[in-house]
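Let's take a look at this protein together. Keep the sequence and the 3D view open while you read.

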Amino acid sequence: FRASGPPLGIVKDLEVSQVESSLKDARLYLYSDGFIEERPGKINRTSPGPREFLRWLVQSGQEPVKEQARWIKNRCQKEFNHHCDDLTLMILSHISD
């Protein structure tokens with residue numbers, strides 16, 4: 001999906017279009033900006049940045065959803081010495097009956 005407007009919560013009473021899609025054999029990642037913020041020149045990074053975060057999703061993408069979430073959490077805690085701030089990740093996937 002491509003962005004078709006500003007981030008949610010920025011513009012009051014924003015009307016958005018709806019798109020339906022299947023998550024069969026796919027995952028949808030919803031995450032806060034804390035995962036991808038880059039603070040140039042900062043010695044002690046507090047987030048992976050966009051490229052590293054995408055790499056984490058790809059590296060762990062074959063794991064079951066619970067294991068993938070655990071892998072990302074552990075990686076973040078290891079890389080940033082438990083100083084992860086403003087990090088929220090939701091992984092949505094299709095569950096077959």
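## A walk through the model

Asp-13 lies in the segment before strand E1, where helices (H or I, at least four residues) and strands (E, at least two) are DSSP runs numbered from the N terminus. A quick word on the ground rules: this is a predicted model, where local features need pLDDT of at least 70 and side-chain atom pairs count only at pLDDT 80 or more, while totals for chains, interfaces and linings use all residues. Residues are numbered from 1 along each chain as its sequence is written, and side-chain values use heavy atoms, with hydrogens and water left out.

Back to Asp-13: its phi is positive, about 60°, although it is not a glycine. Asp-25 also lies in the segment before E1, and its phi is positive too, near 60°. How open are these residues and the two we meet next? Buried means under 20% relative accessible area, exposed over 50%, and partly exposed in between (1.4 Å probe, protein chains only).

| Residue | Relative accessible area | Class |
|---|---|---|
| Asp-13 | 69% | exposed |
| Asp-25 | 76% | exposed |
| Tyr-31 | 39% | partly exposed |
| Phe-53 | 2% | buried |

Now for the rings. The structure holds one aromatic pair. Rings of Phe, Tyr and Trp (its six-membered ring) pair if their centres lie within 6.5 Å; planes under 30 degrees apart count as stacked, over 60 as edge-to-face and the rest as tilted. Tyr-31 and Phe-53 have ring centres 4.9 Å apart and planes at 65°, so they sit edge-to-face. This pair links distant parts of the chain, 22 residues apart: Tyr-31 is in E1 (residues 27-31) and Phe-53 is in helix H1 (residues 49-60).

Phe-53 also belongs to the largest nonpolar core, along with Phe-35, Trp-56, Leu-57, Ile-72, Cys-76 and Phe-80, seven residues in all. A nonpolar core is a set of buried Ala, Val, Leu, Ile, Met, Phe, Trp, Tyr and Cys residues joined through side-chain atoms within 4.5 Å. H1 and helix H2 (65-79) each supply at least two residues of this core, and H1 gives the most, with three. Leaving aside residues up to four places away in sequence, Leu-57 touches Tyr-29, Gln-68 and Ile-72, where contact means heavy atoms within 4.5 Å. In soluble globular proteins, nonpolar side chains tend to be buried together.
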